[in-house]
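Welcome! Have the sequence and the 3D view ready, and try each exercise before you read its solution.

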Amino acid sequence: MGDIRSGELESIEYFYELVAQLKKIKRKLLTNCYLSQDKLMESIQRQEIVFEYSHNKYLNIFVDDDGFKRLYYYIADIDNYIVEDQEGKIVCDIFQNGMNEESERVINTLIKCGFNQYACFNKWVKQIKSIEPYEERADVCIRNTFDEEVIGWLYENFDRYTDCLPRKTEVDDFIKNMQFTCAYDTTTGKLVGSLICSKKRKACLTEEYLFVDMSERGRGISNSLYEYCYHRYSNIGYKYNAWIRSDNVPCIVLHERLDYSLDEMKKITFLKG
């Protein structure tokens, strides 16, 4: 396979140097990396990234998460792309916009290297066409507020491999960067549901997590959380995105009822180990 370098990634400058070398071969690289520069630098400073670089062919970086590693790749030469063995579990997300021959070839490489498809998510999109008045409910109080109990819910009810849960060392940053909408029973004061969104670009919110207490389902709490969010945070033309697991039928039905439409983009999660 030629010249392969590997080891701990010690500086962001070296990372950019390797990517620049690949771009000399192919200006637009095939990549699944969505890490910001700040997140990348933090992981490097904590000595949590190892890499493998094949000269003029590809760069793989493996970033420590809670009990596993995430694989991000930059590929210039798809014909010679491989993933060397690593210790422990490895998770790799591949994003596809419709049928894509190059990403299919990456998938085939992952399968040959021992990865298995773990989950598939479809992107659903809604554009706000009108703002309806929000009517307060007598039995449920919806508020724009953070509740400590929500963090416990995340770890108990969401999948650490697919749902990009905050690492326990990063909860404070997670709270700061997310928008929390919480629902409370007006009689007991109990937290019964929460909708967590992120604002990654102007006039667009991405639904990250929706949860309703199992014993409270069937009360229309999900609908109330969304209606409150649409009323409070939206203007005409705002977009909402939601990534929904393809086998999560109740969630799909809910979003169809809320006038979301299916986008061509999907995320496929692969797991090894």
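**Exercise 1: Strand partners**

Strand β7 (residues 116-127) and strand β12 (residues 239-245) pair in the antiparallel sense over seven bridges. Keep in mind that this is a predicted model. Find the bridge partner of tryptophan 124 in β12, then work out in which sense β11 and β12 pair.

*Solution.* Step one: go to tryptophan 124, whose bridge partner in β12 is alanine 242. Step two: turn to strand β11 (residues 204-212), which runs parallel to β12, with four bridges between them. Cysteine 204 shows this pairing, with lysine 239 of β12 as its bridge partner. Step three: follow the chain from β11 through helix α6 (residues 221-233) to β12; this β-α-β crossover is right-handed.

**Exercise 2: A cavity**

Work out which elements each supply at least two residues of the lining of the largest cavity.

*Solution.* Step one: note that the structure has one cavity of 30 Å³ or more, and that the largest has a volume of about 40 Å³. Step two: pick out lining residues, including Trp153, Ser194 and Tyr209. Step three: assign the lining to elements; α4 (148-157), β10 (191-201) and β11 each give at least two residues. By type, the lining holds eight nonpolar residues, one polar and no charged.

Conventions. Residues are numbered from 1 along each chain as its sequence is written. This is a predicted model: local features need pLDDT of at least 70, side-chain atom pairs count only at pLDDT 80 or more; totals for chains, interfaces and linings use all residues. Side-chain values use heavy atoms; hydrogens and water are left out. Two strands pair if DSSP finds at least two bridges between them. A crossover is right-handed if, with the strands pointing away from the viewer, the path from the first strand over the helix to the second runs clockwise. On a 1 Å grid over the protein atoms alone, a cavity is a set of points where a 1.4 Å probe fits but cannot get out, and a pocket is an open set with protein on both sides within 12 Å along at least five of seven lines; lining residues have an atom within 4 Å of a point. Grid points are joined across faces, edges and corners, and a volume is the space filled by probe spheres set on the points. Ala, Val, Leu, Ile, Met, Phe, Trp, Tyr, Cys and Pro count as nonpolar, Asp, Glu, Lys and Arg as charged, and the others, Gly among them, as polar.
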